[in-house]
Amino acid sequence: MFANSHTDFDIQPGRRSLTDFRRSRVLQGHSHQSTLILPFLARFVAFVTIAGLGLSLAGCSSTAKGGDGEAAPTQKQTTPEVPPPPVTWPLTGVVVDGSDAAGLEAVKKRPTVSVKIENSAAARPQSGLEVADIVYEEMIEGGSTRFNAVWHSTLPTSVGPVRSVRPVDVPLSLPLGGILAFSGGQDDFIYEVRNSGMVGLDEDHVGKAATRTRDRRMPHNLYYNTEMLAQNFGSELTAPKRQWPIVEPPVGGDAGDGAGGGTGAEATPSASAEAKDSAGSPSSTSSPATEEPADPTKPSAVSKGQPAAQIIAKFPAHRAGWSWSGVAWLRYDDGVQSVAASGTPLVAANVVVLQVETFNTRYRDGAGSPVPDTKLLTSGKGWVASGGHILPITWSKASNAESFQFTDENGMPVVLNSGATWVELVPINGGLVEIS
């Protein structure tokens with residue numbers, strides 16, 4: 001009876017034993033706690049994850065910034081400063097000493113002073129030619145020669161002997177925009193000089209800039225002070241432009257003193273830029289350029305020409321010679337080495353030989369000989385010699401006011417060496433050029 005009652009109690013439908021009830025309560029308790037704890041755990045894990053990400057980002061930010069939150073200094077990419085191109089004298093390309101304040105100022109204001117210099121035996125040795133920037137040798141009456149010498153980088157206090165002007169001097173000097181001084185000349189020649197816009201000065205108008213020495217007879221004893229001429233008559237004039245491309249000195253370097261010529265200052269265009277301008281110039285009569293310009297750091301004669309040791313420019317009554325010394329071209333007159341009155345040999349960095357056409361004008365000199373003129377507003381053949389080499393060229397000149405243009409066989413502008421340049425205007429008829 002007892003056993004059956006116990007059994008009936010355990011399995012009575014709708015009722016649970018005390019043990020089952022307690023077990024159920026325990027399970028319900030665990031289920032309720034899980035319901036409360038799991039969302040909390042999910043939020044905690046999310047918070048920890050976000051916090052960890054924030055710390056990571058903060059760590060990255062700390063790497064990019066200084067400890068105080070400021071941007072950390074970054075290493076700058078430094079590029080070496082390129083020094084400005086050196087200042088050079090426009091007619092020679094010789095570098096001006098940066099400490100030469102007077103020279104640097106002179107380039108902006110100083111005009112050129114061109115003077116007609118005699119070249120007869122009675123006139124030698126001449127004064128001032130050893131420091132001229134450019135010297136033109138032109139034919140005069142009787143087939144002899146005379147110089148149109150140009151000073152700019154150096155202004156000697158005595159140049160001469162000074163002689164009279166000729167028609168060819170206008171197209172030679174006008175591109176410089178400076179002073180042309182002479183002893184005198186035919187009235188029409190003097191008028192042409194002054195009517196061109198140049199400052200033309202004869203002996204009657206130079207004042208104290210002229211002196212006559214007692215050690216020579218007239219007319220071989222007239223001398224001018226070029227410094228005084230520039231000061232007294234050039235206040236409204238400016239420095240000249242470069243007449244032709246010249247080798248570029250190294251940046252921050254020194255092109256040296258050159259052969260002949262002096263010093264003076266102008267920030268001049270580069271040879272490559274000048275070459276580019278000249279190649280496209282309407283005044284050029286050569287064929288269009290088909291190659292790149294020559295190395296602007298080397299004279300064209302050196303990079304493209306042939307070696308040469310001697311040049312002879314024969315005029316009807318004079319023989320001008322040039323011999324390469326290994327450093328410069330040495331000047332010879334009628335076979336005798338030429339020196340200045342100072343004892344300094346006459347030398348050139350460049351010798352330019354132009355074959356030109358001459359003709360007699362209706363004018364005559366005091367001895368009755370016809371006065372010749374030279375056709376320059378045209379084109380012709382010639383040579384440029386630099387650095388012991390020589391290069392055939394074509395020359396041209398478009399107007400009295402424009403400079404000569406020199407081009408090679410491909411129509412490219414010819415680059416000259418830095419230093420003094422002598423230009424021989426050798427007549428086609430009666431003249432001869434020998435190169436060896």
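Asp334 is partly exposed, because its relative accessible area is 44%, where buried means under 20% relative accessible area, exposed over 50% and partly exposed in between, with a 1.4 Å probe and protein chains only. Asp334 sits in the loop between strand 11 (329-333) and strand 12 (336-337), and its phi is near 50°, a positive value in a residue other than glycine. Most residues other than glycine have a negative phi, and most peptide bonds are trans.

The model is predicted, so local features need pLDDT of at least 70 and side-chain atom pairs count only at pLDDT 80 or more, while totals for chains, interfaces and linings use all residues. Residues are numbered from 1 along each chain as its sequence is written, and side-chain values use heavy atoms, with hydrogens and water left out. Helices (H or I, at least four residues) and strands (E, at least two) are DSSP runs, numbered from the N terminus.

Two peptide bonds in loops are cis. The bond from Arg124 to Pro125 is cis, with omega near -5°, and Pro125 is found in the loop between strand 1 and strand 2. The bond from Gly160 to Pro161 is also cis, with omega near 0°, and Pro161 lies in the loop between strand 3 and helix 4 (169-173).

Strand 2 (residues 134-139) is mostly covered, with six of its six residues buried. Ile134, Tyr136 and Glu138 point one way from this strand, whereas Val135, Glu137 and Met139 point the other way. Strand 2 pairs with strand 3 in the antiparallel sense over six bridges, where two strands pair if DSSP finds at least two bridges between them, and Val135 has Ala149 in strand 3 as its bridge partner. The hairpin of these strands has five residues between them, and there Gly142 takes a positive phi near 75°. Strand 2 also pairs with strand 19 (residues 421-427), in the parallel sense and over four bridges, with Tyr136 standing opposite Val423.

Within strand 2, Glu138 is buried, because its relative accessible area is 0%. A polar contact of 3.0 Å joins the side chains of Glu138 and Lys116; such a contact is a pair of N or O atoms within 3.5 Å, and within protein one must be able to donate a hydrogen and the other to accept it, while residues adjacent in sequence count only if both atoms are side-chain atoms. Leaving aside neighbours within four places in sequence, the residues in contact with Glu138 include Arg146, Arg166, Asp169 and Leu425, contact meaning heavy atoms within 4.5 Å.

In helix 3 (residues 101-109), Gly103, Ala106 and Val107 are buried. They cover an arc of only 105° around the axis, which puts them on the same side of helix 3, the arc being that of the directions from the helix axis to the C-beta atoms. On the other side of helix 3, Ala101, Ala102, Lys108 and Lys109 are exposed. In helix 6 (residues 226-233), the buried residues are Thr226, Leu229 and Ala230. They cover an arc of only 95° around the axis, so they are on the same side of helix 6. Among the elements that cover the buried residues of helix 6 are strand 1 (113-118) and strand 3 (145-151). At the start of helix 6, a side-chain oxygen of Asn225 reaches to within 3.0 Å of the backbone nitrogen of Glu227.
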